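Okay, thanks everyone. Today I'd like to talk about charged side chains and how they pair up. Let me put the model on the screen.

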Amino acid sequence: MLLDLHVKNLALIERAEISFEEGLNILTGETGAGKSIIIGSVNMALGGKVPKDIIRQGAEYAYVELIFRVTEPEKIALLQAMDVELPEDGTLIISKKIMPSRSVSKINDMTVTAAKLKEITSLLIDIHGQHEHQSLLYKSKHLQILDAYAKSRTNPIKNTIAQTYRSYQELQERIKSLSMDRESRLREADFCRFEIEELENADLREGEEEELTVLYRKFQHGQKIMEGLSAADRALSSESISVALKEVDRVAEFDEALGPIRDQLYDADSIIRDIIHDVSSYIDSFSFDEEEYERIGERLDVIHGLQAKYGDDISDIMVQLEEKRKRLEELENHDMILAELESELAETERMLEAQSQELSTVRQEAAGVLVDRIRQGLEDLNFIDVRFDMKFEKLDHYTSGGYDEAEFLISTNPGEPVRPLGMVASGGELSRIMLAIKAVLADTDEIPTLIFDEIDTGISGRTAQKVSEKLSYIGKSHQVICITHLPQIAAMADAHYEIVKSAVDGRTTTTIRQLDYEQMIQELARLLGGAEITDAVYDNAREMKELAKR
């Protein structure tokens, strides 16, 4: 459940805080007051796209925070599996700081990626945007809805199909790689042998390049090394420390305070003598071997040439060598391997066919129940004599989700045949169809919070009343947050919030407040009335609220 929403410096909102309640939460306000910004802020916090120039003018950043409470053991277990730890009270805080150059999302103070954020929040909230019902015009959405409704039965089969389909695709790719004429196959085999021989003859070993590079660099700069060490040897042999030691030692007996200085000079003299010895030893042992220098250079050229052809480092090259050996084996045993792969592909295809058939059977059984429930929901939403069905077709190819293509069909007029939604339903009808679907899914859906952004598009009168009852019904088992312009829907609110745009100190600002019972009636009167709100309008608003309450 979504407990609180905090918004700061977002578009017209300087600061806003909303504490949501269980049941049906309604947001109303004049057109342009900023209602869409509220839903937009939630969307952004959940990982949605951040529009340009969304930060309030004059502010350095915008900030959105959502506070949820998660109490269901199943959801807590799923969140823990995603490495989300919850305190004992189940509080989960999602925040997004939006800056001009980047945005940062956190869950309980842990920074998360957008993909991780969407995965986690998909368990908690579902937003039905203003134009989401348009997705019903696409057949792929219909199959998604069916699978969501029957997910306890379809998901296990779909997971199995996805694994089989991956194997199916891999086998097809391997067979394709072997499908060539004899001349091309022999030519590739010869080239593989050449590359394998080149790599095997190189006899590469891990770490060799680094070792040779160090030696090569030493030989390459041998003259500079010797010049530098000789100069260092002359400087160290200047006897300056020894002279200083003798002078301090000579006068140390006259002042005890000079004792520590003399001791330090003794140490320095000893250290310098050791260094002189080491430098001399290095100079005496250093020898430049022209043949060794050339051998190392040639070996490095070989290694670098192979890296340019086969990989950036020796481990990559060794992987390439193993792959080329496997490829050569395939080419040399082409007919036998191809026959084995084709046999394996045929068996995998039989498995894929059986699994897809099983999934299709489950889907069609579930579709019969789903379309009947959607039809009942549509009747509740003032579709008279509506017919609703789902048509299945078999694709001519397999997918990771089986071979089904399914489409919702509807007839809203008696005597008319069922047709695809896009050919029959208007925008307002699509909106109601989506609401009916959401209501059906709500009974099996484990997402606790549903947000509807202007679900009332294109409806009025009795239909609006039916929509309000459907939203109230969903609100009995879910937390529902809904933006609306219609008094019939607003009257059903368990909690009602007014969004107001005003000018403060020369700046336009959007504010939000939760209404008490009398304020709800005043807001209903505003939605009902025109330029002037009369006593009759107030009486009508009060009656509407009382009827909704009953």
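This is a predicted model: local features need pLDDT of at least 70, side-chain atom pairs count only at pLDDT 80 or more; totals for chains, interfaces and linings use all residues.

So, a salt bridge here is a side-chain nitrogen of Lys or Arg within 4 Å of a carboxyl oxygen of Asp or Glu. By that cut-off, the structure holds 28 of them.

Residues are numbered from 1 along each chain as its sequence is written, and side-chain values use heavy atoms, with hydrogens and water left out.

Let's start with arginine 299 and glutamate 208, whose closest N and O atoms sit 2.7 Å apart in a salt bridge. Arginine 299 is in helix H11 (residues 290-310) and glutamate 208 in helix H7 (residues 208-220), so this pair links distant parts of the chain, 91 residues apart. Helices are DSSP runs of H or I, at least four residues, and strands are runs of E, at least two, numbered from the N terminus. Both partners are buried, meaning under 20% relative accessible area with a 1.4 Å probe, protein chains only; exposed is over 50%, and partly exposed is in between.

Next, helix H13 (residues 334-380). Arginine 350 and glutamate 347 are 3 residues apart there, about one helical turn, and they bridge at 2.6 Å, N to O.

Glutamate 353 pairs with lysine 394 at 3.2 Å. Glutamate 353 is in H13 and lysine 394 in strand E9 (residues 387-399), so the bridge ties together parts 41 residues apart in sequence.

Last one: Asp147, Lys158, Arg363 and Asp404 form a salt-bridge network.
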